[in-house]
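Hi,

Here's the structure I promised to pass on.

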Amino acid sequence: MKKQQGSQTIDIIGVGIGAFNLSLAALLQKSKAEYKFFDQKKEFGWHKGMLLENAKLQVHFLKDLASCVDPSNPYTFLSYLVEQGRIYQFLNRKKSTISRYEFNHYFKWAAERIPGLHFGEKVIDVRYNDGVFNVITEHKSFNSTHIVIGTGATPYIPDRFKECLNKSFFHNYEFKQRMETTNFSNKKIAIIGGGQSGAEVFDTIISSQNRPEKIIWASKRLNFQALEDSCFSNEFYTPHYVRYFYQLPNHVRDRKLGEQHLTSDGIIQDFADDIYNKLYELKYFHDKNIKFELIPNHTLTKVEKNNHGYVITLFDQDLEKAINCDVDIIILATGYRSKIPECLRNLLPEYSSFDMLPINPDYSFSWAHDKTNKIFVQNGAKHTHGIADPNLSLAAWRNTIIINSLLNKPLYKTEMIQPIMGRTSLEISKKMSILSLEDNELINTTVGNL
Ligand SMILES: Cc1cc2nc3c(=O)[nH]c(=O)nc-3n(C[C@H](O)[C@H](O)[C@H](O)COP(=O)(O)OP(=O)(O)OC[C@H]3O[C@@H](n4cnc5c(N)ncnc54)[C@H](O)[C@@H]3O)c2cc1C
């Protein structure tokens, strides 16, 4: 039987402590809300399997846990730099891009200091009964009035390949660990997927001391497309645009997400150019024997094991014919998908994916008890709130919406009234009243003693 922690009901429990719930915890410090957040990992780690030397943060470092909404919060990136004693050296770099390694170090620094975070505590079930959530971890059980789901996305592996995975056929989420134990020299490697992760893996392998015999980099996209990162594209990553997006009809939202996907899923332009230049130098001067094939417009359709490794079938979308290649190692850089975690099976039995959930403007799941007991969802509202949802850009702002709704009062300013682009009409503000500081119609939430 689970050990019951008395009958005390706290205000909110967080399931998962990734980047987004970490930001929520940092911003909750300004409130008196009683909270506990749990993560299954022993310590904080931000996509550790992809913390490669070449990995750069894809947003400005000020889009950290708190700066964009509360620069005086003690857990900002600048506070971290000052505390670590390297703010001047950081500025001397004259660069606004930083490594994901450094940002992970910053997140970990914050996770070690923010109270109420419990690592090594996997949530295995969540039940709702009579106005209270019962959150059951591997060790204990806790009660809360509200919960916030921050379990992140799951590596996407096409169904037909799920059974075949092993130490020479894997998803890039575990690339770093595999790389440390695998000798690539004399091997033929296929990387499937032409986004930023595929590019980081390809670049790491061609830059390594033990370069493989041959490397294939295939993508179903029409080219190795760069991230669309103009000032105007970045307007999709603003609070104002979230409001605009929310009030669009579903079919228009779907269309927009398709149209905008390169603003989040392409390869960082400079990085793509660096890879091209590296290949130029290697092929024509430094390693004329290097063998690589960069093939966009090709989809992986079949993998067959043979005595030496694998025969992979790639379908050429232009010529509409299949080609076979012998390889020893296959790395899937096929992205991530939202999936409702097992621990929510009992609570949300009719949903398998977050992108099916009806989500209120305040990022809570729309259900029978959402006036009194909220299920907030981090990183699961792209279909309702727009392309920025899985991105760090608006994480802090989203958390101010969540906190204001939780407290039923505007603790944080959420109105950003100076957009460069788009409509500012009253119509949008009304529909998104929950997001508006001036609006008195905040949903009547029953939270005691905040
Ligand atoms: C390799 C990579 C690089 C990225 N780089 C950028 C970038 O540069 N810029 C950007 O804007 N975005 C980036 N993103 C997108 C996004 O910012 C990150 O995915 C971000 O980490 C999402 O945060 P999250 O809190 O939703 O999930 P995660 O950070 O994935 O955290 C989820 C946490 O939930 C825990 N968990 C899951 N189930 C349970 C359970 N049952 N009980 C307890 N704990 C559980 C997991 O252990 C994990 O720690 C990147 C994504 C990836 C995959």
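Glu320 sits in the loop that links E13 to strand E14 (321-327), where helices (H or I, at least four residues) and strands (E, at least two) are DSSP runs numbered from the N terminus. Its phi is near 55°, a positive value in a residue other than glycine. Glu320 is exposed, at a relative accessible area of 61%; for the terms, buried is under 20% relative accessible area, exposed is over 50%, and partly exposed is in between (1.4 Å probe, protein chains only).

Before you go further: this is a predicted model, with pLDDT of at least 70 required for local features and 80 or more for side-chain atom pairs, while totals for chains, interfaces and linings use all residues. Residues are numbered from 1 along each chain as its sequence is written, and side-chain values use heavy atoms, with hydrogens and water left out.

Back to positive phi. Tyr363 has one too, about 65°, although it is not a glycine. This tyrosine is in the loop between strand E16 (336-337) and strand E17 (375-377), and Tyr363 counts as buried because its relative accessibility is 2%.

Now for Thr313, which belongs to strand E13 (residues 310-316). At 11% relative accessibility, Thr313 counts as buried. Which residues does Thr313 contact, leaving aside neighbours within four places in sequence? They are Thr299, Leu300, Thr301, Lys302, Ala322, Ile323 and Asn324, with contact meaning heavy atoms within 4.5 Å. Thr313 and Asn324 are eleven residues apart along the chain, and their C-alpha atoms are separated by 4.6 Å.

Val135 is another one to click on. You'll find it in strand E5 (residues 132-137), buried with a relative accessible area of 0%. Leaving aside neighbours within four places in sequence, Val135 is in contact with Ile13, Val123, Asp125, Val126, Lys140, Ser141, Phe142 and Ile147. For Val123, twelve residues away along the chain, the C-alpha separation from Val135 is 7.0 Å.

Ile387 is a loop residue, between helix H11 (382-385) and helix H12 (395-407), and at 2% relative accessibility it counts as buried. Not counting residues up to four places away in sequence, Ile387 touches Phe236, Tyr237, Leu257, Gln260, His261, Thr263, Ser264 and Lys382. Gln260 is 127 residues from Ile387 in sequence, yet the two are 7.3 Å apart in space, C-alpha to C-alpha.

On to the helices. H7 (residues 239-246) is mostly covered, with seven of its eight residues buried: Pro239, His240, Tyr241, Val242, Arg243, Phe245 and Tyr246. H7 packs with helix H8 (residues 250-259) at an angle of about 135°, their axes 10 Å apart. Here axes are lines fitted to C-alpha atoms, for helices over the stretch in contact, and angles run from 0 to 180 degrees between N-to-C directions. That makes H7 oblique to H8, since angles under 35 degrees count as roughly parallel, over 145 as roughly antiparallel, 65 to 115 as roughly perpendicular and the rest as oblique. Tyr241, Phe245 and Tyr246 of H7 meet Arg253, Lys256 and Leu257 of H8. That contact divides into four nonpolar, no polar and two charged residues, where Ala, Val, Leu, Ile, Met, Phe, Trp, Tyr, Cys and Pro count as nonpolar, Asp, Glu, Lys and Arg as charged, and the others, Gly among them, as polar.

And how do helix H2 (residues 77-84) and helix H4 (residues 100-113) cross? Their axes come within 10 Å and cross at roughly 85°, which makes H2 roughly perpendicular to H4. H2 brings Phe77, Ser79, Tyr80, Leu81, Glu83 and Gln84 to the contact, and H4 brings Glu102, Phe103, His105, Tyr106, Trp109 and Arg113. By class, that is six nonpolar, three polar and three charged residues.

Last, the second largest pocket: about 280 Å³ of space lies in it. A pocket, on a 1 Å grid over the protein atoms alone, is an open set of points where a 1.4 Å probe fits, with protein on both sides within 12 Å along at least five of seven lines; lining residues have an atom within 4 Å of a point. Points are joined across faces, edges and corners, and the volume is the space filled by probe spheres set on them. Of the 15 lining residues, Ala272, Ile275, Tyr276, Leu279 and Leu294 are the closest to the centre of the second largest pocket. Helix H10 (269-286) and strand E11 (292-295) are the elements giving two or more residues to the lining, and H10 has the largest share, nine residues. The lining divides into twelve nonpolar, one polar and two charged residues.

Cheers
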